[in-house]
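Dear colleague,

I am handing over the structure below, and my notes on it follow directly after. Please read them with the structure open beside you.

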Amino acid sequence: MSEMKKIKNLKEFSTSADRFEGANLLCPGCAHSIIVREVLNATNDDLILSASTGCLEVCTAVYPYTSWDASWIHIGFENGSTAVAGAEAMYKALKRKGRLKQPDREPKFVSFAGDGASYDIGFQWISGCFERGHNIMHVVLDNEVYANTGGQRSSSTPIGGSTTTSPAGRVSYGEKQHKKDMLSIMAAHGAPYVAQVAPNKWKDMVKKIQHGFSVEGPVFINAMSACTTEWKFLPEDTIAISDLATDSLVFPLYEIIDGRKLNITYRPKNVIPVKDYLGAQGRFKHLFKPENKHVLDEWQARVDRDWEYLQRREEAGV
Amino acid sequence: MADKMELRDVEVWDGNMAASQALRQVQIDVVAAYPITPSTPIVENYGNYLANGYVDGEFIMVESEHAAMSGCIGASAAGGRVATATSSQGFALMVETLYQASGMRLPIILNVVNRALAAPLNVNGDHSDMYLGRDSGWIQLDAYNPQQAYDLNFIAFRVAEDHEVRLPCMVHQDGFLTSHTAQGVKTLDDDTAYNFVGDFKPMNDMLDLDHPVTHGVQTEEDWHFEHKARQHNDLMTKVLPKIQAAFNAFEKLTGRKYNIVETYNMEEAEVAVVCMGTSVETAIEVSNELRAEGKKVGVIGIRVLRPWPFEQIVEALKGVKAIGALDRSSPNGTFGMLYNELAGTLINCGEAKVLTNYVYGLGGRDLTKVHLREIYAELLANAEAGKPTTPMQQLIGVRGPKISFH
Ligand SMILES: Cc1ncc(C[n+]2csc(CCOP(=O)(O)OP(=O)(O)O)c2C)c(N)n1
Ligand code: SF4
């Protein structure tokens, strides 16, 4: 295996734009671009990338321009994972047949996709890729909404979120379902590595990405991607919102190795109340009305329960 | 290196075996596939070759046909020879990706064993699935028997992978009637077959790590039209000459001659049926019999459905007075596809033709020689009257009262 990049300092990180250009059409403050850069910056290896239809795709490859300086493909909304799996299969075939142009280089295969493209429509394709054990990394840019089509709910949208298809109104507090637990589902595929990451904890993220690149087999990374437009906060607050998410344990950072061994990788010194995170975003504003207090309570209870459960899984090594 | 397989000069193969042998001989790099009747044996056979060392590519058994074509697209963009097979519902599920494959100019080969579309569920052959893909920017070739299924696969690779073409290509054959009917097939030895197609030459491949490429970009009103126009232009101007050249080269190699539009008994024909698939062979037999009776009846077989061979069809139908367009798919609210295409083609040919639409054989229903005799009799009456003497559209061989539309 080729040598990994050491973890750079923040300045190096922010100035290196090797393979993903700052020139793109993503909203100011969009966490998608931060995450992509952090992922690509974590390795020196050659990269073969795909993106599923979504904000990242439509904002970075608008003909005749491209923001990508690595081979990149977009097919459709649901099948980016399988596109990269197909390329990985071709790599294996050509290697066996001695037809690779650069036979001594081992590219990494990564598919980027939104939560919609991963939790919902693309789920079958990802599950298939993981069951077949392709050597690919699937990175979810989890902004908990279909942002590219204007902010509809996905199965990653958390309870109480107001979206265009689960709007809060006079008699509704918005989304009724809890967010789907994709990490457990993907770990249950027996994947060698699955992890949850957030762009504010970039060292943690880089370590996990490097771990992911070092294993054989499919790797699933769920990256929290704060969306200024649909979560309704100011562009300069992306990292602050991300901090609130990780410090309230709404978005816990952990990894599961070989489908079993769970490690929590970040324990906030001071855990902050969930309402501090919710209150900072327009999409949850209505939850602070008196009649919706039960949703806030349910939120906190759910986060407490999930954290307790994660810690028990870690202790038990399961 | 894959082992060579010794073949007899003539093997008894069904259409599926014929297609899969061709895939083996051209040494596909990646097959991503999902089973569906009646095309399943094509990929099963391929799996067998792999298990026995006769091919050494990658075989991805995916979880759906949509994923099969998605995997083929990724693999093809990565720069190697790619093929798969499907039928019916599987083809329907693939349709989204068919457009994506052709829009990215990827030379994937898809063997489509044609079958009806549910509901009601039916595993037998008709051409309903074929027409779902007819505007998807793929080249479409049609085989009427196992020999042709074998031969046309080589033609498909040679044309699709040509750098001036770079478009995906389907090879169609009739479900069960061709796919499961064994006949003598003249073979090529492995080296000859491979050399006819040649080594795969990648272009803008994702695995050229020193030259990264972007595939499948976003284009809106400012570029989309140009891309589609270019693709259409290449289909309309480049593909038929390339197919003709491949046919010529193949004839030189094997003595087997193919034409973009196949004509049988068309010398001074007064009437003709235009059809595809196995019905062409039945029609040839009936026209032979009728010719012996002194009736000037011929057959036109559509060998290349896309790009649609306007000129060759007009040429083939010169002097013909009455034409029957035989459609093997449910028109469901309009004329059959062949009828529509022919009508559009003939409108500017400068000769008055009487064109009638016969819909037959849905879901595997037989088209018998008796049916064809009746059709020819009607066409001859039309030719003599110089106008339709029968309803414009008729459904052949349906139980119950005769169904026809004026
Ligand atoms: C088959 C299909 N259905 C629907 C769409 C429309 N569509 C495009 S992107 C998108 C939402 C993307 O959401 P997500 O995957 O969460 O990514 P985001 O834009 O939020 O980054 C939808 C619904 C499509 N392109 N294809
Ligand atoms: S809508 Fe959200 S996810 Fe999409 S580009 Fe803007 S901030 Fe990013």
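In this predicted model, a backbone N or O atom of A:A117 lies 2.9 Å from an oxygen atom of ligand 1, a polar contact being a pair of N or O atoms within 3.5 Å, where within protein one must be able to donate a hydrogen and the other to accept it, and residues adjacent in sequence count only if both atoms are side-chain atoms. A polar backbone atom of A:G116 is likewise 2.9 Å from an oxygen atom of ligand 1, and an N or O atom in the side chain of A:N143 is 2.9 Å from an oxygen atom of the ligand. On its own, ligand 1 has 590 Å² of accessible area, of which the protein covers 76% (Shrake-Rupley method with a 1.4 Å probe).

Turning to the two chains, 47 residues of chain B are in contact with 46 residues of chain A (heavy atoms within 4.5 Å). Together the chains bury about 3600 Å², 57% of it on carbon and sulfur atoms, buried area being the accessible area (1.4 Å probe) that two parts lose on being put together, summed over both. Between them the count is eight salt bridges (a side-chain nitrogen of Lys or Arg within 4 Å of a carboxyl oxygen of Asp or Glu), and A:K97 forms a salt bridge with B:D56, with the closest N and O atoms 3.6 Å apart. Helix 3 of chain B gives the most to the side of chain B that touches chain A, with nine residues.

Residues are numbered from 1 along each chain as its sequence is written, while chains are lettered from A and ligands numbered from 1 in the order in which they are written. Local features need pLDDT of at least 70 and side-chain atom pairs count only at pLDDT 80 or more, whereas totals for chains, interfaces and linings use all residues, and side-chain values use heavy atoms, with hydrogens and water left out.

Best regards

Conventions: Helix = DSSP H or I, 4+ residues; strand = E, 2+ residues; numbered from the N terminus.
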